[in-house]
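Welcome! If you are meeting this structure for the first time, here is a short tour of its side-chain contacts. Please have a look at the sequence and the model before reading on.

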Amino acid sequence: MRTVSLLTLISRFGGLARDVTTVRVFGDTLVGSAFAAAFLIPNLFRRLFGEGALAAAFLPEYAKANRSDPVLRDRLASLTILLLALVTGALTLLGEVVLLVIVLATADDPEKALSFRLMMVMLPFMPLICTAAILGAMLQVHGRFVPAAGAPILLNVLMIAGAVLHFTGPRFDAITSAYVIGGLAVVSGVLQVLWCLLALRKHMQWRRDLAPAQPAARLMLRRFLPVVIGLGTIQLNALVDTLIAMWPNWIGPTIFGYDYPLDEASNAILSYTQRLYQFPLGVFGIAVATAAFPAMSAAADDASRLARTLREAIRLSLFIGLPASVGLVLVRYDLTFVMFGGGGAFSDEGVARSSAVLLGYATGVWAYGVNHVLVRVFYARGDTTTPMKVALGCVVLNLVGNVLLIWPLGEAGLAWSTAISQLVQALVLARIVRRGLTVPVFGSGDLGATGRMLLAAFGMFVVVQLALTLLPGSSGWSSSLLRLGVATTAGGAAYFGFATLLGLEERRVLIRRLGR
């Protein structure tokens with residue numbers, strides 16, 4: 001498991017390295033916004049279908065068949081991959097046709113058509129990456145974790161290679177490089193599918209007689225839609241954010257005769273900044289919920305045991321999420337400048353705008369992690385409808401917030417709206433869980449522990465703020481890197497130090513899990 005954890009961590013850092021290199025190709029420009037919008041579509045489907053809802057609906061049935069009937073297991077896998085290929089393939093063909101019509105309709109405006117052309121190049125990545133994700137889920141059932149954990153590294157390596165080629169190879173302009181990097185992303189999808197197929201061939205056999213697997217497949221599909229909405233709130237909100245941010249690129253600088261509050265660089269700034277808050281969420285926040293889910297499922301019929309498991313997961317999620325939120329707020333400018341400033345990347349104005357966006361997202365990092373834990377409580381009890389209803393309400397809330405907040409705050413309003421909707425979702429889900437269980441979920445001891453976490457986070461805030469005040473102000477990339485390094489080191493040491501003094505058990509739990 002250490003190998004898998006290491007590969008996952010390498011993949012996350014590789015994703016950051018990919019963003020650091022590609023942002024220096026595109027910058028906070030129209031090209032950067034167009035590429036980010038085009039790359040969002042296959043990534044959205046990967047998170048919703050491949051790694052998210054479909055995997056969550058498919059894995060229990062596949063694992064059950066693996067234990068009891070290997071032939072049925074193979075048939076279910078064959079049927080699932082066939083359905084996935086047909087659905088995503090049809091969506092890809094339909095999307096290509098629609099995009100072609102749009103491109104032809106906007107042929108006299110190449111800048112407006114750019115994002116749609118890039119979407120045409122990158123859309124085939126969608127069925128490939130979804131298939132690779134499901135194949136990776138199958139491999140995990142057979143105890144093969146490395147291919148699934150390592151496959152995303154292929155994407156990062158090829159996209160970084162495309163960005164490096166922009167600076168070291170033929171002197172492509174940014175638009176040509178966008179097509180090259182997008183094409184390499186599709187190639188990485190092919191390689192990921194092939195790698196997973198090669199790793200899977202010793203564990204199962206593809207079948208043609210699929211009829212016996214239809215009942216299990218129907219059960220899987222019934223679970224799929226509620227799960228895709230319940231787990232996909234962040235992704236759906238990101239799609240809504242992108243649609244709003246791309247208005248100046250696709251429609252124009254005005255709306256109903258008024259100046260639109262965003263510009264052609266807004267989506268590039270928004271999309272790249274999202275990666276910064278998603279990093280701690282992906283490495284730690286979602287990992288806590290994923291690790292707790294099997295224990296919740298096993299305790300589904302024992303309310304007392306389920307409440308205890310939920311309590312522990314929420315406390316650990318808060319222990320990680322609270323300092324992550326505080327830390328990102330404190331280092332937001334230095335972090336965005338180090339990641340995206342200098343070297344022909346974001347302009348000074350773009351860095352300042354990115355910092356404002358990160359401030360909005362950072363305030364909700366702890367809520368994002370808690371939501372993933374709470375949603376899985378419902379799934380453990382077989383309830384996929386309740387989190388779906390709450391998620392739909394929060395998507396509507398996010399849309400309303402977007403429309404209201406972009407006028408005073410620009411693209412930062414989209415970030416604040418997302419954070420607010422996630423906070424509301426956490427509060428609503430927690431209230432429903434509290435009513436649904438017959439035993440208390442959070443007792444006085446848990447409230448006291450949460451208070452101590454807040455105290456530790458406040459102590460970290462004071463230490464980091466003092467360190468940043470004593471350091472010279474940011475005057476360039478190297479000084480921002482120094483400030484970021486000092487703040488991160490001092491903040492981590494201070495938080496763990498205060499957590500030790502305050503006797504927080506989660507500190508030992510986290511160290512123990514990291515050791516595993």
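This is a predicted model: local features need pLDDT of at least 70, side-chain atom pairs count only at pLDDT 80 or more; totals for chains, interfaces and linings use all residues.

Across the whole structure, a search finds 12 salt bridges and 0 disulfides, while the aromatic pairs come to 16.

**Salt bridges**

- One of the salt bridges joins Asp74 to Arg73, with 2.8 Å between the closest N and O atoms. Both of these residues, Asp74 and Arg73, are buried.
- Another salt bridge brings together the side chains of Asp446 and Arg311, at 3.0 Å from N to O. Asp446 belongs to helix 18 (residues 444–470) and Arg311 to helix 12 (residues 303–330), so this pair ties together parts that are 135 residues apart in sequence.
- Asp446 counts as buried because its relative accessibility is 6%, which is under the 20% cut-off.
- Glu349 and Arg353 also form a salt bridge, and here the closest N and O atoms are 3.6 Å apart. Both residues lie in helix 14 (residues 348–362), where they are 4 residues apart, or about one turn of the helix.

**Aromatic rings**

- In general, a pair of aromatic rings is described by the distance of the centres and the angle of the planes.
- The count of aromatic pairs in this model is 16. Among them is the pair of Tyr495 and Phe496, with ring centres 6.4 Å apart and 85° between the planes. That pair is edge-to-face because its angle is over 60 degrees.
- Phe26, Phe35 and Phe39 are linked into a cluster by ring pairs.
- A charge meets a ring at Arg275: the charged end of this residue sits over the ring of Tyr272, 5.8 Å from the ring centre.

**A nonpolar surface patch**

- Which residues make the nonpolar surface patch of about 480 Å²? The patch is made by Val187, Val190, Leu191, Leu194, Leu197 and Trp206.
- Leu197, one of the patch residues, is found in helix 7, which covers residues 174–200. Leu197 counts as partly exposed, with 32% relative accessibility.

**Cysteines**

- A disulfide is a covalent bond between the sulfur atoms of two cysteines.
- How many disulfides does a search of the whole structure find? The search finds 0.
- Cys130 is buried, with a relative accessible area of 0%. Cys394 is buried too, with a relative accessible area of 4%.

**Single residues to look up**

- Phe256 has a phi value near 55°, which is positive in a residue other than glycine. Phe256 lies in the loop between strand 1 (254–255) and strand 2 (258–259), and counts as exposed at 77% relative accessibility.
- Val428 is part of helix 17 (residues 412–436) and is partly exposed, with a relative accessible area of 33%. Val428 and Asn371 are 57 residues apart along the chain, and their C-alpha atoms are separated by 10.0 Å.
- Phe340 has its place in helix 13 (residues 332–340) and is buried, with a relative accessible area of 0%. Phe340 and Asp302 are 38 residues apart along the chain, with 49 Å separating their C-alpha atoms.

Note on methods. Residues are numbered from 1 along each chain as its sequence is written. Side-chain values use heavy atoms; hydrogens and water are left out. Rings of Phe, Tyr and Trp (its six-membered ring) pair if their centres lie within 6.5 Å; planes under 30 degrees apart count as stacked, over 60 as edge-to-face and the rest as tilted. A charge sits over a ring if NZ of Lys or CZ of Arg is within 6 Å of the ring centre and within 35 degrees of the ring normal. Patches are made of residues with over 30% relative accessible area and no salt bridge: like charges are joined within 9 Å, nonpolar side chains (Val, Leu, Ile, Met, Phe, Trp, Tyr) within 5 Å. Accessible areas come from the Shrake-Rupley method with a 1.4 Å probe; for residues, only the protein chains shown count as cover. A salt bridge is a side-chain nitrogen of Lys or Arg within 4 Å of a carboxyl oxygen of Asp or Glu. Helices (H or I, at least four residues) and strands (E, at least two) are DSSP runs, numbered from the N terminus. Buried means under 20% relative accessible area, exposed over 50%, partly exposed in between (1.4 Å probe, protein chains only). A disulfide is a pair of cysteine sulfur atoms within 2.5 Å.
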